[in-house]
Amino acid sequence: MAKVRLRIRNTGDTVEEYRLHMVGAVAGWSRVQPDVLRLYPGAEGTAEIEIAPPRTSDAQAGPTPFGVRVQPREAPEAVNVVEGQVTVGPFTELRSELVPSVVRGRMRAKAAIAVDNLGNQPLTASFSGRENGEELEVVSEPGSVQVSPGRAAFADLGIKPGAVSWIGGTRKHPFTVSVLRAGVPEPVELRGTYVQPSVIPRWVAAVGSVVLALAIAFAVVWFQHKPAFSTQAKEKVEQQKPLPQNDEMKPAPKPKPSEKEEEKEPEKPETGGGGGDSKPGGGGGGGGEEKPKGPKTHTIRSVEGSGWYLEVVKGGQDDGTYVGQNPNLTDKFGKNQDWILHHYPESDTYALEPASAPGTVMDQKVNTNIVQIVHAAPENIKTGRLGDNQKWKLEKRPDGKTRIVAVGSGECLVDMQNDTSAVTWKCDDRNSMGWTIEGWPE
């Protein structure tokens, strides 16, 4: 905490009342006492300014200007702003997480490292994987990230086994990833497990061995006891008759038309009722354009930059799949950029269900600011019996854009301008917290 004294002199010829207000970046975490001074002509008064930066990323380290507005009551046009500068001390706080902590794959697997900078100065974090002997190869891409205060960064983690398990069930390989912050000697260790199922399941090998044994047994029996087949059919001997000659020969009868040819009639052209219109859907109004089936979907686009679209990363359907952003509107992964808005009027809240993963909703991961999808019972999605971390408020801002606010934490959805993950943060009017929802309100 820093304290500064402000001295004010009334140089006028009347009694004056001065109102004091803090302005600038420090206004939210500073105060002036008293905030009103009443002075006689020629008199002086003193006020004390207290500046107490919070231990959050809102108060960034370094020199920060501030000001005190002095506004006379009798002569408001003579308002004055006294300026100063305070240096905010730095502090660092890093939070890292392995997402997910358990991965699965026969040949390889992927995970991600999430790093949150909760301090008030930029920091650099580097990653290194600790293999389990020669059984695993753990590589991060990139090998280090630089994170601004109050922001999050991500690195992809590739895990590859030393050998492929063809037969033998499922194996579990523990691994460790070290996160080292610049200037700190001791790293933070994140522990995970790589589950490696065999390429050929054990039951397939068992069934295959039984089938092979039966085939060999059948072949042995066949060749040892091959059945002999014989026929009792004989040629019938009849008395030969001479063929008729010349006039005795009768002309061969003409072939009769087959029954199918007799019954076959030339096809008559079909005529449609009501005027003979042969176009599909014509005559009598029996046709018409098909209406789209299923619930109405919406695209959700950020105001930040070129306007990235909210999506389920790579169209995943598993619990814990990140909700990210994409600069392009695409159907490469199906309907992972289409969202179904379930409205609950009693609380004026919404659940956001991705069209590419029915039965899941957008969720703020507990005790984090990471946004993911998780499965929920269809009846709960319909009636709104969901946790607060799975419900969202859609609030219109003065500029016409929409805030997407998590009910559980009160934080706003933030466009991170990457294709890995969106996060939530303390709400304000920056562009990264403004969204446009196509077709909403309905």
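W440 is buried in this predicted model. Its relative accessibility is 14%, under the 20% cut-off, and therefore W440 counts as buried. Y350, at 8% relative accessibility, counts as buried too. The rings of Y350 and W440 form an aromatic pair. Their centres are 6.1 Å apart, and the planes stand at 80°, an edge-to-face arrangement. Y350 belongs to strand β21 (residues 349–354), whereas W440 falls in the segment after β28 (435–437).

Nonpolar side chains tend to be buried together in soluble globular proteins. Here, the largest nonpolar core holds 23 residues. Within this core, I113, L157 and F175 touch the most other members. Eight elements are listed as giving two or more residues to the core: β8 (94–99), β10 (109–117), β11 (123–130), β12 (136–141), β13 (144–147), β14 (152–161), β15 (170–181) and β16 (188–197). Another core lies apart from the largest one and has 21 residues. Among them are I300, W339, I373 and W435.

An open sheet of 3 strands runs in the order β1-β5-β3, with antiparallel pairing. β1 (2–9) and β3 (30–33) are the edge strands. Each has a single partner strand, so one side of each lacks a neighbour in the sheet. On average, neighbouring strands of this sheet are turned by 20° against each other, direction ignored. The antiparallel pairing of β3 with β5 (residues 44–51) extends over 4 bridges. Q33 has E48, in β5, as its bridge partner.

Notes: Residues are numbered from 1 along each chain as its sequence is written. This is a predicted model: local features need pLDDT of at least 70, side-chain atom pairs count only at pLDDT 80 or more; totals for chains, interfaces and linings use all residues. Side-chain values use heavy atoms; hydrogens and water are left out. A nonpolar core is a set of buried Ala, Val, Leu, Ile, Met, Phe, Trp, Tyr and Cys residues joined through side-chain atoms within 4.5 Å. Buried means under 20% relative accessible area, exposed over 50%, partly exposed in between (1.4 Å probe, protein chains only). Two strands pair if DSSP finds at least two bridges between them. Axes are lines fitted to C-alpha atoms, for helices over the stretch in contact, and angles run from 0 to 180 degrees between N-to-C directions. Rings of Phe, Tyr and Trp (its six-membered ring) pair if their centres lie within 6.5 Å; planes under 30 degrees apart count as stacked, over 60 as edge-to-face and the rest as tilted.
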